[in-house]
Amino acid sequence: CCPHIAAITCTHNSALNYDHGSKGFETYVSDVLTSLPDDGWAIINGDDARMHHLLDEMPTARMWFGRDADCDIAAKQIHCDEKGLSFHVAQQRYFVPDCGEQYLLPALVTIAVGRVLDWTDSQIASGLARYQRKPRAICW
C-alpha cells in the first residue's frame with residue numbers, strides 16, 4: 001500500500017498557473033487537501049500563516065516545512081555557494097549539489113515525504129546529496 005500525499009509548496013495566488021476561475025487560492029488548497037483519503041498526508045509550507053487556519057478543521061495528518069522554527073521540518077543554518085546548498089534540519093545536515101536557494105523548498109518537501117515513508121534522515125540526506133540537475137534545452 002502506498003501513502004497518499006499532497007504537498008503545497010507555493011502559497012501565494014500568483015504561483016497558481018491553473019484555471020480555477022473565481023475559486024480563489026484558499027478554496028483551491030482546501031479542495032486539494034479534502035480530496036486526500038483519511039489516511040493521507042498534507043505536507044504544507046509552514047512559512048505562510050494563511051495555511052494554518054485552512055488546516056485547523058481538516059482531520060488530515062500534516063507535516064509543516066519551512067524556515068519557521070515551529071515547522072516540523074525547519075531549515076536552519078542555510079548556506080549557498082558555488083558548491084551547492086547546505087542546511088540543517090534538527091541535527092541532520094543536508095546538502096544539495098547545486099547552487100541556489102530555489103532548491104530549499106523542494107528539498108524540505110523531499111525530507112517530509114521521506115519521513116512519511118519511514119526513511120531515516122541519513123537515507124534522505126544521501127539521496128539529496130546525489131541530486132543531479134538535468135541539462136536544459138536551449139530554445140531559439
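Me: What does the accessible surface of the protein chain come to, and what share of it belongs to carbon and sulfur atoms?
Reply: This is a predicted model, so the values are computed from predicted coordinates. The accessible surface of the protein chain is about 8700 Å². The share that belongs to carbon and sulfur atoms is 51%.

Me: What percentage of the residues of the protein chain count as buried?
Reply: The cut-off for buried is under 20% relative accessible area. The chain has 140 residues, and the part that counts as buried is 35%.

Me: In what order do the elements of the protein chain run from the N terminus on?
Reply: The chain holds four helices and six strands. Read from the N terminus, the order is β-α-β-α-β-β-β-β-α-α.

Me: Which element gives the largest share of the largest nonpolar core?
Reply: That core has 21 residues, and Ile73, Phe87, Val89, Tyr94, Leu108, Ile111 and Leu128 have the most contacts inside it. Elements giving two or more residues are β3 (61-66), β4 (73-81), β5 (84-89), β6 (92-96), α3 (104-116) and α4 (121-129). The largest share, seven residues, is from α3.

Me: How many residues has the other core, the one with Leu33 and Leu36?
Reply: This core lies apart from the largest one. Its members include Leu33, Leu36, Leu55 and Met58. The count is 16 residues.

Me: What does α3 reach from its first C-alpha to its last?
Reply: α3 has 13 residues. At 1.5 Å a residue, 18 Å is expected. The model is close to that, at 19 Å.

Me: Which residue just after α3 takes a positive phi?
Reply: Within α3, the buried residues are Leu104, Ala107, Leu108, Val109, Ile111, Ala112, Gly114 and Val116. Just after α3, a phi of about 65° is found at Asp118.

Me: Which residues does Leu128 touch, leaving out those up to four places away in sequence?
Reply: Leu128 is among the residues with the most contacts inside the largest core. Beyond four places in sequence, Leu128 touches Tyr94, Phe95, Val96, Pro97, Ala107, Thr110 and Ile111.

Me: Is Asp98 buried or exposed?
Reply: Asp98 sits in the loop between β6 and α3. Beyond four places in sequence, Asp98 touches Lys83, Gly84, Leu85, Tyr103, Tyr131 and Arg133. Its relative accessible area is 10%. Buried means under 20%, so Asp98 is buried.

Me: With which side chain does the side chain of Asp98 make a polar contact?
Reply: Asp98 lies in the loop between β6 and α3. The contact is at 3.0 Å, and the partner is the side chain of Tyr103.

Conventions: Residues are numbered from 1 along each chain as its sequence is written. This is a predicted model: local features need pLDDT of at least 70, side-chain atom pairs count only at pLDDT 80 or more; totals for chains, interfaces and linings use all residues. Side-chain values use heavy atoms; hydrogens and water are left out. A nonpolar core is a set of buried Ala, Val, Leu, Ile, Met, Phe, Trp, Tyr and Cys residues joined through side-chain atoms within 4.5 Å. Buried means under 20% relative accessible area, exposed over 50%, partly exposed in between (1.4 Å probe, protein chains only). Contact means heavy atoms within 4.5 Å. The expected span of a helix is 1.5 Å times one less than its number of residues. A polar contact is a pair of N or O atoms within 3.5 Å; within protein, one must be able to donate a hydrogen and the other to accept it, and residues adjacent in sequence count only if both atoms are side-chain atoms. Accessible areas come from the Shrake-Rupley method with a 1.4 Å probe; for residues, only the protein chains shown count as cover.
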